[in-house]
Amino acid sequence: MRTINVLMPCIAFLLLESCCFYGDCEDDFDDDNTSFSIYDPVYLSRTDLEQSIDLVEPIQITNSGKIYVKDNLLFVNETRKGFHVFDNSNPENPIKIAFIKVPGSTDLAIRESVLYINQATDLIAARYNFNQNQLSVTKRVENAFPELLSPDGFYAYDVPVNSIVVDWELKN
């Protein structure tokens with residue numbers, strides 16, 4: 001028992017000694033967390049982000065994400081770009097109606113007639129009028145979500161003031 005009492009402080013000392021206790025150790029990680037990523041962040045200013053939501057003509061699906069069905073409408077996420085809107089009254093032949101441009105978007109939920117969309121770090125509420133093909137943003141909750149990570153799992157470093165990461169592009 002006495003041997004254990006003597007050995008325990010020695011073991012504790014050796015464990016602490018192996019740590020960077022004296023402050024002279026080099027950190028293995030670079031402060032620039034994006035230096036490990038093979039992607040560069042794409043920024044929008046806060047003002048441009050808030051004015052970027054638009055209902056435009058349908059576009060080609062290139063990088064689809066989640067799919068949402070509500071009544072006779074089908075919404076397909078174009079990852080970090082927006083949502084394709086289809087008339088799905090005939091599921092065997094959905095018809096492209098429009099594209100809801102929402103930079104930084106990845107998800108959508110619908111309750112009654114309100115679309116809830118995450119736009120980068122913000123949560124927005126919008127109303128989509130199918131009959132008139134109109135969209136109006138009714139509310140924005142800033143910084144409801146964390147910053148978008150790169151596809152390989154890194155945060156942007158040194159984000160410009162009043163800017164938001166809305167996408168990531170492969171480095172050249």
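What share of the contacts in the protein chain with a separation of 6 or more is accounted for by residues 24 or more positions apart? Such residues account for 50% of these contacts (heavy atoms within 4.5 Å).

The model is predicted: local features need pLDDT of at least 70, side-chain atom pairs count only at pLDDT 80 or more, and totals for chains, interfaces and linings use all residues. Residues are numbered from 1 along each chain as its sequence is written, and side-chain values use heavy atoms, with hydrogens and water left out.

Begin with the whole chain, coloured by secondary structure.

Next, select Asp-122 and Arg-46. They form a salt bridge, with the closest N and O atoms 2.3 Å apart (a side-chain nitrogen of Lys or Arg within 4 Å of a carboxyl oxygen of Asp or Glu). Asp-122 belongs to strand β9 and Arg-46 to helix α2, so the pair ties together parts 76 residues apart in sequence. Asp-122 is buried at 0% relative accessibility, and Arg-46 is buried at 14% (buried: under 20% relative accessible area; exposed: over 50%; partly exposed: in between; 1.4 Å probe, protein chains only).

Then select Lys-66 and Asp-107, a salt bridge with closest N and O atoms 3.0 Å apart. This pair links strand β3 to strand β7, 41 residues apart.

Finally, select Asp-167 and Lys-81, whose side chains meet in a salt bridge at 2.6 Å, N to O. Asp-167 lies in strand β11 and Lys-81 in the loop between β4 and β5, so parts 86 residues apart in sequence are tied together. Asp-167 is buried at 12%, whereas Lys-81 is partly exposed at 41%.

Conventions: Helix = DSSP H or I, 4+ residues; strand = E, 2+ residues; numbered from the N terminus.
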